Amino acid sequence: MLRAIYPGSFDPVTYGHLDIMKRTSKIVDELVVGVLNNNAKMPLFSVEERVKMLKEVAKDFTNVVIVPFDGLLVDFAKKMEAGLIIRGLRAITDFEYELQMSQTNHKLEPDVETMFLTTSIEYSYLSSTTVKEIAAFGGEISQFVPEAVAGMLVEKMKAKRRV
Ligand code: ADP
């Protein structure tokens, strides 16, 4: 049984993340999407909101579960009995950080391997950060995120403008 972890902030989940989830779910028996609960990153959405969005967009996958986590990724992987970490690589700019992370994780826990999927070309430019910037200025985001996520993003931006 091959269980993998796909960790990230998913603040919010985009079509790029969904593409990695879809492709990985065909390769592994079970995919655990690990939602990082790290307030130091000052996420726009709470971990509960991010989990809720992911559960909605992943509801049609039969072998994908959404689980929040904090602390070390390798500890989470051990706890979930997953021997594989999946990360997406968009561009060369992702590479240095990802290389360092995967080598560090391998030092910490040699039984856990990291594998990378290169982004599908149509999503290689896409990041949660740019989607949030577009939404903050009232731009059209439906081509970047699933409908349910777009709705929550618009509501969140309205609420932020009110405070
Ligand atoms: P983190 O804060 O850990 O970078 P993200 O939520 O930004 O988390 O991303 C989680 C993972 O998804 C990372 O491996 C990242 O490279 C990948 N990813 C992000 N956006 C895309 C995209 N457009 N296409 C493919 N992979 C992506």
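Q: Where does the ligand sit in this model?
A: Keep in mind that the model is a predicted one. A molecule counts as sitting in a pocket if more than half of its atoms lie within 2 Å of the pocket's grid points. By that test, the ligand's place is the largest pocket.

Q: What percentage of the ligand's accessible area does the protein cover?
A: Let's start with the polar atoms. An oxygen atom of the ligand lies 2.9 Å from a backbone N or O atom of F10, and a polar side-chain atom of R87 is 3.2 Å from an oxygen atom of the ligand. R90 has a polar side-chain atom 3.3 Å from a nitrogen atom of the ligand. On its own the ligand has 550 Å² of accessible area, and the protein's share of cover is 89%.

Q: How many aromatic pairs are there, and are Y6 and F10 stacked or edge-to-face?
A: Two rings pair up if their centres lie within 6.5 Å, and planes over 60 degrees apart count as edge-to-face. That rule gives four aromatic pairs. For Y6 and F10 the centres are 5.2 Å apart and the planes are at 80°, so this pair is edge-to-face.

Q: Is Y6 buried or exposed, and what is its relative accessible area?
A: The cut-off for buried is under 20% relative accessible area. F10 makes it with 3%. Y6 is buried too, at 5%.

Q: Is I121 buried or exposed?
A: I121 is found in the loop between β5 (113-118) and α5 (128-136). Anything over 50% relative accessible area counts as exposed. I121 has 75%, so the word for this residue is exposed.

Q: Which residue's side chain does S120 join in a polar contact of 3.3 Å?
A: S120 is in the loop between β5 and α5. With a relative accessible area of 16%, S120 is buried. The polar contact of 3.3 Å links the side chain of S120 to that of R23.

Note on methods. Residues are numbered from 1 along each chain as its sequence is written. This is a predicted model: local features need pLDDT of at least 70, side-chain atom pairs count only at pLDDT 80 or more; totals for chains, interfaces and linings use all residues. Side-chain values use heavy atoms; hydrogens and water are left out. Rings of Phe, Tyr and Trp (its six-membered ring) pair if their centres lie within 6.5 Å; planes under 30 degrees apart count as stacked, over 60 as edge-to-face and the rest as tilted. Buried means under 20% relative accessible area, exposed over 50%, partly exposed in between (1.4 Å probe, protein chains only). A polar contact is a pair of N or O atoms within 3.5 Å; within protein, one must be able to donate a hydrogen and the other to accept it, and residues adjacent in sequence count only if both atoms are side-chain atoms. Accessible areas come from the Shrake-Rupley method with a 1.4 Å probe; for residues, only the protein chains shown count as cover. On a 1 Å grid over the protein atoms alone, a cavity is a set of points where a 1.4 Å probe fits but cannot get out, and a pocket is an open set with protein on both sides within 12 Å along at least five of seven lines; lining residues have an atom within 4 Å of a point. Helices (H or I, at least four residues) and strands (E, at least two) are DSSP runs, numbered from the N terminus.
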